[in-house]
Amino acid sequence: MTDQKNLLVAIVLSVAIIVLWQVLFPGSLTGGGDTQQSSDPVATAGGTAPLDPGGVIPGLAGPSVADVADRASVLAADPRIAIATPALSGTLRLTGARIDDLTLLRYGQTTEPDSDRIVLLSPEGTAAPYFAQTGFLAAEANVALPDATSLWQADADVLTQDRPITLTWDNGQGLRFERVIAVDSNYMFTVSDRVTNQSGDAVTLFPFSLVRRIGTPDTLGFFILHEGPIGVLNENLEQLDYDDLRDDRTIAERTTGGWIGITDKYWMAALVPDQNAPVEARFAYEDQTGRDVYQTDVRGEAMALAPGDSATTTSRIFAGAKVLRLLDAYQADLGIDRFELAVDFGLFFFLTKPIFLALRWISEHLGNFGFAILVLTVGIKLAFFPLASRSYRSMAKMKELAPELKVLRDQYKDDRARQQQEMMALYKKHGANPVSGCLPILLQIPVFFALYKVLFVTIEMRHEPFIGWINDLSVADPTNIFTLFGLLPDWVPFDFMHLGLWPLIMGVSMYLQQKLNPQPPDPMQARIMMMLPIVFTFVLARFPAGLVIYWAWNNILSIAQQWAINRRVAREGSKT
């Protein structure tokens, strides 16, 4: 009975942790991370002007599906300022002063050197509009303010990391707006707005910034990865799925510090307000002309301008790749509250992030993340060596006791209580532990989970090669036994039939490791155990190659350790 429970626990733990991760289902509101959602509406009393009740900044209505045109023609339709930095290429639309055309130069669609670069932001009128904008709201009626149709004047044709641009706009009523936009060598824009009141009346303005996405993007749908609206408000991580925001329509919160935006797996556009000033941050949704419109926006405190006064406000916009070292630098240098949480390390960040940092450190010395995985696996094996050795020693003794256990089962097959009593006495006499086989699995599962998370969510792992045919550790082994590893055309009709060489190596290593363990006495249990390497081989075949390499290498190290312990136990037994 004890062996059956041991087997059941091992199977349940192993299969559940693998199969459940591969099942696709919508994520929860929290996305599996350390989140807290606020659903209280923002109070609009006390001198704060409400946004449009429909949830959208005025004057930013989205286009209908019928208005969609190709990207090149949309970009050519408006006057624009070029954006040229080591990391970014694109344009800024002078009409509306929008940042709505960005391409990430350091990242390709595929691993091919001439692959098209990743397009992050696109203007309205295209198939997937996604842009950032800053502006003002007024407490008074009939105050002309710059909006999506306002044409700004620029003092230069190109925005670079060394050359900010200055935009100006005059409302014709005595208000002059001057906007300075700067960008660093990576992905952070700094927008400084100066408003001068040359009219004869006092005005009260509220600065705002927004990130807007029109259309629901395709998401992977994995529960271990959040894609969609995200932010840190009042020191709490907020993660909303697109469908949740469609249901809630508006979620607003007053906060000091933090950030808010929309994230994909590897890329993000986010607003970073002044970290010392209170703001009203909001997630909003509208269905406009048949298209989903998602928006995150931030509204600042009132700016009261008497005649002759001027005021300046500064905010930041991040638009780029979620590189952890870069996010950490922004967090430290700009004081952005918990900006690192843009990378979805999840609830077990205390395990996933250290594993990632270790892999990154090792890879910087070895020059390859694949070798870093191998070295890290050795380090983990050494850390757990005493526990694993005791487990393997106990398993070796269990294997030696198999004939005596079979005799006891046959002798007391009609008296289960006496059978268990005699078996436990035998275990105690020889220092064997019937549940020892679970320990290696229990030790491996958290590391397996953390490594899977790291491979899946960190952009540093994207397109990282190993050796041979593995040119991307974050995706499945591209070879397939059913095409003779590329010698035959790709005729495989079903995804589960894709079986690469590394999954086969993993399956063989799992089988060999299993042969070193004590075999279940029950024939049915033995057959189930014999099937597990086959099942795991096919299941893991679609997992990231880096994870399969880890599992196979871990099996090989375990085989060597267990084989040495088995021989030692056998020698000790021959001396007694």
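Leaving aside neighbours within four places in sequence, which residues is isoleucine 230 in contact with? They are Leu237, Glu238, Gln239, Trp259, Ile260, Gly261, Ile262, Thr263, Met268, Phe283, Leu341 and Ala342. This is a predicted model. The protein chain has 13 helices and 20 strands. It holds 576 residues, and 53% of them count as buried. Take the contacts in the chain with a separation of 6 or more: residues 24 or more positions apart account for 68% of them.

- Isoleucine 230 sits in strand E12.
- Isoleucine 230 counts as buried because its relative accessibility is 1%, and buried means under 20%.
- Isoleucine 262 is 32 residues away from isoleucine 230 along the chain, yet their C-alpha atoms are separated by 5.6 Å.
- Isoleucine 230 has a bridge partner in E15, namely glycine 261.
- Both glycine 261 and isoleucine 262 are among the contacts of isoleucine 230.

- E12 and E13 pair in the antiparallel sense, over four bridges.

- Strand E15 covers residues 259-263.
- Five of its five residues are buried, so E15 is largely enclosed by the rest of the structure.
- In a regular strand, side chains alternate between the two faces of the sheet.
- Trp259, Gly261 and Thr263 point one way from E15.
- Ile260 and Ile262 point the other way, and all of these residues are buried.
- Strand E16 (residues 267-272) runs antiparallel to E15, and four bridges join the two.
- A hairpin links E15 to E16 through three residues.
- Across this pairing, isoleucine 262 stands opposite alanine 269 in E16.

**Two loop residues with positive phi**

- Alanine 97 is not a glycine, but it has a positive phi of about 50°.
- Alanine 97 lies in the loop between strand E2 (88-93) and strand E3 (98-108).
- Is alanine 97 buried or exposed? Alanine 97 is buried, because its relative accessible area is 4%.
- Glutamate 235 also has a positive phi, near 70°, and is a residue other than glycine.
- Glutamate 235 belongs to the loop between strand E12 (228-233) and strand E13 (236-239).
- Glutamate 235 counts as exposed because its relative accessibility is 56%, and exposed means over 50%.

**Helices H5 and H6**

- Two packed helices are described by the angle between their axes and the distance between the axes.
- Helix H5 (residues 349-366) and helix H6 (residues 369-383) pack at an angle of about 120°, with their axes 8 Å apart. That angle makes H5 oblique to H6.
- H5 and H6 cross in a right-handed way.
- H5 brings Ile355, Ala358, Leu359, Arg360, Ile362, Ser363 and Leu366 to the contact. H6 meets them with Phe369, Phe371, Ala372, Ile373, Val375 and Leu376.
- The residues of this contact divide into eleven nonpolar, one polar and one charged.

**Helices H8 and H9**

- The axes of helix H8 (residues 402-411) and helix H9 (residues 416-430) come within 9 Å and cross at roughly 160°. H8 is therefore roughly antiparallel to H9, since an angle over 145 degrees counts as such.
- The crossing of H8 with H9 is right-handed.
- From H8, Glu404, Leu405, Leu408 and Arg409 take part in the contact. Gln419, Glu422, Met423, Leu426, Tyr427 and His430 meet them from H9.
- The residues where H8 meets H9 divide into five nonpolar, two polar and three charged.

Notes. Residues numbered from 1 in each chain as written. Predicted model: local features only at pLDDT ≥ 70, side-chain atom pairs only at ≥ 80, totals over all residues. Heavy atoms only, no water. Axes fitted to C-alpha atoms, helices over the stretch in contact; angles between N-to-C directions. Parallel < 35°, antiparallel > 145°, perpendicular 65-115°, else oblique. Left-handed = near helix turned anticlockwise from the far one by under 90°. Contact = heavy atoms within 4.5 Å. Nonpolar A, V, L, I, M, F, W, Y, C, P; charged D, E, K, R; others polar. Buried < 20%, exposed > 50% of the residue type's maximum accessible area, 1.4 Å probe, protein only. Pairing = 2+ DSSP bridges.
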